[in-house]
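Open the model in your viewer and show side chains. This tour goes from ring to ring.

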Amino acid sequence: MILPCRIHRAGNRKRVDSPSLALLFAVLLALQPEHTRGQDAAGSTFEQAGLGWLPAIPVQITAGVDTGYDDNVTLQPSGEGSIFTKENVVLTYDRPGQQTEFFLLGIGRFTQNFDVTGQNETAGNVTMSLTHNFSTRLSFYASIYAAYQNEPNFQSNVGPENVRTAFFDTRDIFSLTYRWSTRLTSVTSYTFERVKYDQSSVGAGQDRIDSTLGEQLVFNLTSRTGLVGEYRYETITYDTAPIDSTTHFLLAGVNHNLTEHFIVHLRAGESFRSLENAGDSALPYFEGSLDYVRSNHSLNWVTSYGFESPTTGDATTTKTLRTGLNLNYNLTSRLSSVAGIYYHHDDNQGGTGSTGTQDAFDLNLGLRYTINKHFTLHLDYNHTTQSSMGSIPGYSRNRYFAGVTYTY
């Protein structure tokens, strides 16, 4: 199983107002472990910023303001455009260690659209990872991601991408790794995901809980190549929609370090899905990732094909091809570029056969210029295309924006 780093998810929630940014900021600060306070200030981010009176903790805070133009705020075929501003607060806590490693990232965001009413967004997400080595053989890993936002998510199978409405998503992974010998390792994992929409008309078909148990055996054929056999059992339970399912995955694959900078993970096999009210079906399954990291650039590419949860009301099963590419490149010591491309193709099936196909494409391009250790300027462009399907209209969207960030 490829454990995501990501950043790839309760009813009648009241709309969050702008003070929630301050609340999120305060909560994230409160999450700092007590034993880190009052330590030696050497190496502290705050001390480097000239704030030696603050506690010596491994925290970095970044605040930023963006402004730009969105030509389709409402995600409609002939959508309304608007000038917008966006305020961001990012808090990072990173405490590496030989026995226990802990990382926390919190982001708060408020977006105001001046020319379109009722489309402002207050959003936030938290990402946390913990690794603890009980011994040289046994280790524990946890990754927790939780987000509340209005914008569609094109990087994962959360919900409809032609709707702009508030939703909560969390995806949490827990795994236990045991090294039986120098060649044989087992990984037992559990993945939990919850999707909940504020708007009941959307939530009736999308609110759900996904749970996946996995068992993986890795045989180290050489120091650079590991052969993998894996079994997964997935259950999907909807709050309202009558399309609960269970799925079994039988997979084989390889982990291979082509070089010290180039790593490939591949899994392939068969998946068997049983729908509560619509019978059984089987589908080949594939997932893979490629990571390439050097001193001045990095590349990450992920691809998958298999069953996913439907994002349209008349579908009971969706077969999805999904791929995404991220590239970072340092052009000079001060100037860097970023690019992200995401695409997926959905083949939707209903009780009487195909209910249509749908394609989504999302492109992000950006430049970053570092003025000094505190200030950074950036310039960004985002393009989104969502195809139509039946009565569901497609749309195209472009966003142009620039801003400045300050790191404490």
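How many aromatic pairs does a search of the whole structure find? There are nine. Keep in mind that the model is predicted.

**Stop one.** Select Tyr-178 and Trp-180. Their ring centres lie 4.7 Å apart. The planes meet at 75°, over the 60 degrees needed, so this pair is edge-to-face. Tyr-178 is partly exposed, at 28% relative accessibility. Trp-180 has a relative accessible area of 51% and counts as exposed, because the cut-off is over 50%.

**Stop two.** Move to Tyr-381 and Tyr-400. Here the centres are 5.2 Å apart. The planes stand at 40°, so the pair is tilted. Colour by secondary structure next. Tyr-381 belongs to strand β17, residues 375-386. Tyr-400 belongs to strand β18, residues 395-407.

**Stop three.** Select Phe-375, Tyr-406 and Tyr-408. Ring pairs join these residues into a cluster.

**Stop four.** Finish with a charge and a ring. Select Phe-401, then Lys-86. What lies over the face of Phe-401? Lys-86 does, at 4.8 Å from the ring centre.

For any other ring pair you pick, check two values: a pair of aromatic rings is described by the distance of the centres and the angle of the planes.

How values were computed
Residues are numbered from 1 along each chain as its sequence is written. This is a predicted model: local features need pLDDT of at least 70, side-chain atom pairs count only at pLDDT 80 or more; totals for chains, interfaces and linings use all residues. Side-chain values use heavy atoms; hydrogens and water are left out. Rings of Phe, Tyr and Trp (its six-membered ring) pair if their centres lie within 6.5 Å; planes under 30 degrees apart count as stacked, over 60 as edge-to-face and the rest as tilted. Buried means under 20% relative accessible area, exposed over 50%, partly exposed in between (1.4 Å probe, protein chains only). Helices (H or I, at least four residues) and strands (E, at least two) are DSSP runs, numbered from the N terminus. A charge sits over a ring if NZ of Lys or CZ of Arg is within 6 Å of the ring centre and within 35 degrees of the ring normal.
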